[in-house]
Amino acid sequence: MADKKIIAILGATGYQGGGLARAILNDRTGSFAARALTRDPDSEKAQALAKLGAQVVKADANNINSLRQAFDGAFGAFCVTSYWEHFLPEKDLAQASNMAMAAKQAGVKHVIWSTLEDTRLKVPLQDKRMPTLMEHYKVPHFDAKGESDKVFQQSGTPTTFLRTSFYWEDFIYFGLGPKRQPDGTIALKLPIGDKKLPGIAAEDIGRCAYSIFRKGVEFIGQTIGIAGEHLTGSQMAAALTRALGETVRYDAVTPEEFREYDKPAAKDFANMFQYISEFEKDFCGARNVESSRGLDPDLLTFDRWLAKNKDRIPLT
Ligand SMILES: NC(=O)c1ccc[n+]([C@@H]2O[C@H](COP(=O)([O-])OP(=O)(O)OC[C@H]3O[C@@H](n4cnc5c(N)ncnc54)[C@H](OP(=O)(O)O)[C@@H]3O)[C@@H](O)[C@H]2O)c1
């Protein structure tokens with residue numbers, strides 16, 4: 001342990017950081033050690049990581065001093081914000097800034113910043129094709145991350161910008177999955193028309209990040225996009241049909257319809273799907289599946305993800 005390079009992991013008790021922590025801990029002979037950062041070292045998830053061999057350290061992304069201490073002595077840091085806990089882009093921006101500054105002050109040699117596009121670079125606020133949200137954003141949970149790329153660049157911290165994809169787990173937890181309709185049929189309703197949505201098994205994000213840390217300097221300064229597959233709504237519905245053994249229909253609802261759904265952040269999601277669809281070529285092009293498989297040879301396809309998770313998708 002003592003001779004291993006420590007990776008300090010934000011979000012270690014969550015999807016992305018958890019995948020990275022497990023990838024490091026499962027590679028017993030590897031040259032990295034996992035330091036799991038959490039606000040609550042006593043939580044069940046933090047304790048489970050400790051049992052696997054992680055060093056568990058208390059830190060809060062809202063407190064730069066706690067991050068500075070938690071990064072101390074670390075070779076690398078995995079930085080991710082938790083937008084869906086607060087729904088506040090300004091909080092994401094402030095936390096990202098704390099992470100970048102703390103990493104710089106602690107002399108971290110390689111940061112991976114989990115980011116997404118700033119959609120305003122292609123759809124400026126005055127563009128009427130989608131509503132402006134919270135006065136300053138088109139897709140708040142994307143824009144704040146994309147804008148935060150600058151603080152990592154300006155901090156001078158050696159950083160890899162990791163552009164993630166839609167987790168297929170959103171079909172389980174985010175209410176975005178197929179639902180049984182009043183007539184008894186099952187429909188997957190997404191506002192992506194006939195365009196492709198890059199998706200990924202959440203655990204694979206951390207496994208790709210681990211590979212980036214292992215490969216090291218070749219990725220510093222680069223933006224790397226990852227996805228397990230790029231699939232249309234019809235292709236996802238066909239895969240769901242095969243997995244569930246019951247027909248799942250794809251309904252290409254409009255972004256306008258989706259905005260009015262009774263879901264948290266329906267407007268943010270509608271703008272996100274509209275952006276992904278309208279800029280399909282660039283968005284998919286920025287998330288190459290083969291190079292993702294190069295990072296993570298066991299990268300799941302949607303069919304393989306469904307084989308493991310189909311029973312967890314709530315249809316009601
Ligand atoms: N869902 C998707 O399809 C998708 C796709 C791409 C990107 N994303 C982005 O992924 C991010 C969330 O990542 P995730 O899904 O891996 O997380 P998650 O599973 O939702 O878990 C949240 C993690 O953030 C940590 N955390 C929250 N607030 C913190 C704070 N103040 N200080 C330190 N740690 C804090 C939590 O740790 P403790 O509770 O242990 O402190 C926990 O580990 C969001 O910003 C979202 O926009 C989501």
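Which polar backbone atom is 2.9 Å from an oxygen atom of the ligand? That atom belongs to Thr81. The model is predicted, so local features need pLDDT of at least 70, side-chain atom pairs count only at pLDDT 80 or more, and totals for chains, interfaces and linings use all residues. Residues are numbered from 1 along each chain as its sequence is written, and side-chain values use heavy atoms, with hydrogens and water left out.

Two further polar contacts (pairs of N or O atoms within 3.5 Å) are described here. A polar side-chain atom of Thr38 lies 2.6 Å from a ligand oxygen. A backbone N or O atom of Gly11 lies 3.5 Å from an oxygen atom of the ligand. Taken alone, the ligand exposes 930 Å² (Shrake-Rupley method, 1.4 Å probe), and the protein buries 85% of that area.

The shell around the ligand holds 28 residues (a heavy atom within 4 Å), and the closest are Thr13, Gln16, Thr38, Tyr167 and Asp170. Helix 1 (15–26), helix 4 (83–86), helix 6 (140–155) and strand 7 (166–167) each give two or more residues to this shell. Helices (H or I, at least four residues) and strands (E, at least two) are DSSP runs, numbered from the N terminus. Helix 4 has the largest share, three residues. By class, 11 shell residues are nonpolar, 12 are polar and five are charged. Asp, Glu, Lys and Arg count as charged; Ala, Val, Leu, Ile, Met, Phe, Trp, Tyr, Cys and Pro count as nonpolar; the others, Gly among them, count as polar.

The ligand takes the space of the largest pocket; a molecule sits in a pocket if more than half of its atoms lie within 2 Å of its grid points. A pocket is an open set of points on a 1 Å grid over the protein atoms alone, where a 1.4 Å probe fits, with protein on both sides within 12 Å along at least five of seven lines; lining residues have an atom within 4 Å of a point. The lining divides into 22 nonpolar, 16 polar and 10 charged residues.

The second largest pocket holds about 410 Å³ of space. It is lined by 24 residues, of which Gly19, Glu203, Asp204, Arg207 and Asp296 are closest to its centre. Charged residues number 12 in this lining, beside nine nonpolar and three polar.

Definitions and conventions:
A polar contact is a pair of N or O atoms within 3.5 Å; within protein, one must be able to donate a hydrogen and the other to accept it, and residues adjacent in sequence count only if both atoms are side-chain atoms. Grid points are joined across faces, edges and corners, and a volume is the space filled by probe spheres set on the points.
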